[in-house]
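Trainee: Could you walk me through the inside of this protein and its pockets?

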Amino acid sequence: MQKRVAYAEPPHLFHNQGRGRFEEGAAAGGALGQPMVARGAAYGDIDLDGDPDVAVTTNNGPAKLLRNDSTGNHALRITLRGRESNRDAIGATIIVRLGDGTSQARMVKSGSSYLSQSELPVTFGLGGADAVRSVEVAWPNGRAETIAGVAGDQRITIEEGHGVVERMPLARRGSAR
């Protein structure tokens with residue numbers, strides 16, 4: 001590497017505006033405003049409060065934990081446990097349907113960034129909704145199941161063929177949730 005060549009850049013953060021539109025979140029500031037040479041990123045809800053945090057590895061520097069301390073919105077975290085499918089349910093798709101007719105879909109996957117592993121539980125931001133109309137799971141082996149009327153602001157575990165087997169409240173930091 002040549003010392004006169006600078007290639008550190010601030011990380012990029014984008015805010016989903018809906019309908020396939022994203023806005024760069026330059027106003028986030030803090031660690032996101034500091035140039036770095038980063039290679040891997042993994043997300044996980046480190047403090048179990050329903051908003052995903054991000055760990056970033058840097059070249060010739062320390063790893064950084066970027067804590068997300070959002071407040072004012074509801075969330076639902078879902079862990080899948082396969083019995084006939086693979087134990088971690090990698091490849092399963094979860095669809096959360098809200099009462100207003102909107103839905104969100106996520107796939108359980110094992111990695112998405114260079115030499116990084118994000119957590120397997122899936123987090124859904126619910127905005128102002130404090131419950132979901134239904135949670136639909138398409139398991140990797142083709143089985144499908146639906147759980148109706150799930151409250152937000154909790155962590156649930158769904159076991160293949162047995163529905164919700166565990167419920168735990170999300171940690172809260174004095175927010176209006």
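This is a predicted model: local features need pLDDT of at least 70, side-chain atom pairs count only at pLDDT 80 or more; totals for chains, interfaces and linings use all residues.

Trainee: Which residues touch the most other members of the largest nonpolar core?
Mentor: Ile78, Leu80, Ile94, Val96, Val135 and Ile158 do, out of 20 residues in that core, a nonpolar core being a set of buried Ala, Val, Leu, Ile, Met, Phe, Trp, Tyr and Cys residues joined through side-chain atoms within 4.5 Å, where buried means under 20% relative accessible area with a 1.4 Å probe, protein chains only.

Trainee: And what is Val135 in contact with?
Mentor: Leaving aside neighbours within four places in sequence, Val135 has contacts (heavy atoms within 4.5 Å) that include Leu76, Ile78, Ile94, Glu145, Thr146 and Ile158.

Trainee: Switching topic, what is the volume of the largest pocket?
Mentor: The volume is about 1,700 Å³, taken as the space filled by probe spheres set on grid points that are joined across faces, edges and corners. A pocket, on a 1 Å grid over the protein atoms alone with a 1.4 Å probe, is an open set of points with protein on both sides within 12 Å along at least five of seven lines, and lining residues have an atom within 4 Å of a point.

Trainee: Which lining residues are closest to its centre?
Mentor: Of the 45 residues that line the largest pocket, those are Leu13, Phe14, Pro52, Val54 and Asn68.

Key
Residues are numbered from 1 along each chain as its sequence is written. Side-chain values use heavy atoms; hydrogens and water are left out. Buried means under 20% relative accessible area, exposed over 50%, partly exposed in between (1.4 Å probe, protein chains only).
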